[in-house]
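Please examine the sequence and the structure shown below. The briefing that follows describes them by topic.

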Amino acid sequence: MYTDEYYMQRCLQLAANGSGHVSPNPMVGAVVVHKGKIIGEGYHREYGKAHAEVNAINSVKDKSLLCESTIYVSLEPCSHYGKTPPCSQLIIDSRIPKVVIATLDPYFKVSGRGINMLKEAGIEVKTGVLEAEARNLNKGFFAAQQENRPYIYLKWAQTRDGYIDRARVEGKPKIPTPISNTYTRMLVHKMRSEVASIMVATNTAVNDNPSLTTRYWAGRNPVRLILDRSLRVPSDYQVLDDNVDTIVFCEKAPENNNRKRTSFVEIPFGKEMIPVIMRELHSRKINSVLVEGGALLLQSFIDAKAWDEAYIEVADIIFESGVKAPRIDGVLIDDKEIGCSQAIHLSNVEKYKIL
Ligand code: AOF
Ligand code: ZN
């Protein structure tokens, strides 16, 4: 006989298949177990489509076994009519006598109500199985529901002597010197495919003309966020190609904007900047952001303590001079070698509050 953790682990594994397809909804997985044997599996595959429980229950071939089964779900079954009907009602109607849940749904329309519905129908409910793991899987969803802001990741690559770019000589073209290698670049693109948005400031957009897409990883492109106070990014640059949803934060929006997927949002550029942007993203249901550069922008997030996790690649390269990497203090989550780079993963001790 396997433990509850074993089946919940399978739920989390299934849930993760929804990565990049379900945001702003959470990734959720479910399995139906009859006498120790998994007889049904499902996960939330796509935003607006069927929830995990629906797919798991539908996948059970012999429905007569449901009345002797347990359903494991990585998030409290919902109790509301959203884009889909309530999963708790489906579980009740399916006569499943026991439900094992990893974590409560923080969404105010559900939180606790799903469990109450089940209990009132006489169903045995167990919660808290692999709770931390389940919350960890949906950091953006939990930040949005509980902190009213997106989950903030910082990311940069620096040399061993602490530079993120070569010095720029006025009037001379920049000699590109990549700090990341083929493998770590691919990992960055994987990370991009897993976040809802990605942010850079004017200098990065102007100097590097990046496309900020997930070219090296199959997955969804995040919304591009460009901080361009005086609209200095040339209109024929890649971030303004209108191929990907893009928001340009600026002081004064252009009078005419014919682009379909690119919008201009006016914001103040002082101390209020980060909270204003965070509120704007939250209102657009963008529940995670990856801040990629440049150094000044990253430093302003660090100084405002407006970050949750930071990924720093330290390549075995020496520049001797150039643009200094940001300075950061955080709790070390992981520090490992990736090829000839060191990958440092930090977390912030203080939870950033925008209100
Ligand atoms: C579940 N199972 O697999 C998921 C749940 O608009 P809807 O109908 O898709 O509802 C979205 C909300 O449902 C979402 O905010 C979260 O509270 C919950 N997600 N619930 O029972 C699932 N993905
Ligand atoms: Zn549901």
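**Overview**

UniProt, in an unreviewed entry, lists residues 111-153 as "domain: Rhodanese"; UniProt positions follow the numbering used here, feature names are shortened, and annotations may be inferred rather than shown by experiment. The model is predicted: local features need pLDDT of at least 70, side-chain atom pairs count only at pLDDT 80 or more, and totals for chains, interfaces and linings use all residues. Residues are numbered from 1 along each chain as its sequence is written, while chains are lettered from A and ligands numbered from 1 in the order in which they are written.

**Domains**

- The span 111-153 is 56% helix and 14% strand, and its end C-alpha atoms lie 26 Å apart. Helices (H or I, at least four residues) and strands (E, at least two) are DSSP runs, numbered from the N terminus.
- The chain is assigned domain 1 (3-138) and domain 2 (148-347), with bounds from an automatic or database domain assignment.
- Between the C-alpha centres of domain 1 and domain 2 the distance is 35 Å.
- Five residues from domain 1 and seven residues from domain 2 make the contact, where two residues count if their C-beta atoms, placed from the backbone, lie within 7 Å.
- On the side of domain 1 that touches domain 2, one residue is nonpolar, four are polar and none is charged. In this scheme Ala, Val, Leu, Ile, Met, Phe, Trp, Tyr, Cys and Pro count as nonpolar, Asp, Glu, Lys and Arg as charged, and the others, Gly among them, as polar.

**The five-strand sheet**

- Five strands form an open sheet of mixed pairing in the order S2-S1-S3-S4-S5; two strands pair if DSSP finds at least two bridges between them.
- S2 and strand S5 (124-126) each have a single partner strand, so one side of each is left without a neighbour in the sheet.
- S1 and strand S3 (residues 69-73) run antiparallel and are joined by five bridges; Val31 has Tyr72 as its bridge partner in S3.
- Helix H1 packs on this sheet, touching S1, S2, S3, strand S4 (98-101) and S5, and its direction makes about 140° with that of S1. Axes are lines fitted to C-alpha atoms, for helices over the stretch in contact, and angles run from 0 to 180 degrees between N-to-C directions.

**The nine-strand sheet**

- A second open sheet, also with mixed pairing, has nine strands in the order S11-S10-S9-S8-S12-S6-S13-S16-S15.
- Its edge strands are S11 (262-266) and S15 (331-338), each of which pairs on one side only.
- Strand S8 (residues 197-201) pairs with strand S12 (residues 288-293) in the parallel sense over four bridges, and Ile198 has Leu290 as its bridge partner in S12.

**Ligand and binding site**

- Ligand 1 is surrounded by 17 residues, the closest being Val28, His51, Gly82, Lys83 and Tyr107; a residue is near a molecule if its C-beta atom, placed from the backbone, lies within 6 Å of it.
- The shell around ligand 1 holds nine nonpolar, five polar and three charged residues.
- In an unreviewed entry, UniProt lists His51, Cys78 and Cys87 under "binding site". These residues span 37 residues in sequence, yet no two of their C-alpha atoms are more than 9.0 Å apart, so they gather at one spot.
- His51 lies in the loop between S2 and helix H2 (52-58).

**Backbone features**

- The peptide bond from Ser23 to Pro24 is cis, with omega near 5°, and Pro24 is in the loop between helix H1 (4-15) and strand S1 (29-34).
- Gly293 and Gly294 are joined by a cis peptide bond with omega of about 0°.
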